[in-house]
Amino acid sequence: MLSFENGYIAGAHPEILKRLAETNLEPLSGYGTDPYCASAREKIRAACQAKDADVYFLVGGTQTNSVVISSMLHSYDGVLCADTGHINTHEAGAIEYTGHKVLPLPQKQGKISPNDLERYLSDFYGDENHEHMVFPGMVYISHPTEYGTLYTKEELTSLSELCRAYHIPLYMDGALLATGRLLGIQFDVLFTDDLYLQISKNAVQAAEALKSIPLSALPQAGLPLLMT
């Protein structure tokens, strides 16, 4: 059965699940400091032809958009997007909450046209009072769009050239970890048949055992204390 609801209804690709299972028991540091994250960063840099790019992994579309947009804009900047764009419709004012105005543009099939963008930018800087207005500091596009449509290479090239001419970044919002089941299944399993309590039982018991030992006895048991 075909479904056109959104891109979140499917789970992970079998190759991803296979790799997760293969590496599941490896002891690795967290917060993106493991070798697999390092490998992914290098592959992303190569794909973007940007060997010196910084790559960060964030979870969820709204959080990612909020972090990226707020960190790249000046305090007086806003972000241009199609009036159907996610940041303008379905992200609950997250961008405005960071102090930046969303500046909607007309759309056709969910896409911004280079002509409309050029007209907006030209009119803005042609206004002698533009210093008292919210500056267009970024152009945001969704790819695929909220309608499921795709920008052509020619359209993307034109938008990119316009942004370069006006010295503002072009930000593309794509597929992120919004597939809720990948998070929900973890908690569903953890809270089934007390699995969460079972896997933490040893740590709790060990902590209780340590509580019963006087601190002065720990060095004698070969457990030196680091006093600060």
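**Salt bridges in the predicted model**

R45 is buried, its relative accessible area being 15%. The model is predicted, and a search of the whole structure turns up four salt bridges. Three of these pairs are described below: R45 with E42, K111 with E155, and R119 with D116.

**Pair in helix 2**

- R45 and E42 join their side chains in a salt bridge with an N to O distance of 2.7 Å.
- Both residues belong to helix 2 (residues 35-48), where they are three residues apart, about one turn of the helix.
- E42 is partly exposed at 49% relative accessibility, whereas R45 is buried at 15%, because the cut-off for buried is under 20%.

**Pair between a loop and helix 7**

- The closest N and O atoms of K111 and E155 are 3.0 Å apart, and the two residues form a salt bridge.
- K111 sits in the loop between strand 2 (102-105) and helix 6 (114-126), while E155 sits in helix 7 (residues 153-165), so this pair ties together parts that are 44 residues apart in sequence.
- K111 counts as buried, with 14% relative accessibility.
- E155, at 22% relative accessibility, counts as partly exposed.

**Pair in helix 6**

- A salt bridge links R119 to D116, with 2.6 Å between the closest N and O atoms.
- R119 and D116 are both in helix 6 and are three residues apart, about one turn of the helix.
- R119 has a relative accessible area of 45% and is therefore partly exposed.

How values were computed. Residues are numbered from 1 along each chain as its sequence is written. This is a predicted model: local features need pLDDT of at least 70, side-chain atom pairs count only at pLDDT 80 or more; totals for chains, interfaces and linings use all residues. Side-chain values use heavy atoms; hydrogens and water are left out. Helices (H or I, at least four residues) and strands (E, at least two) are DSSP runs, numbered from the N terminus. Buried means under 20% relative accessible area, exposed over 50%, partly exposed in between (1.4 Å probe, protein chains only).
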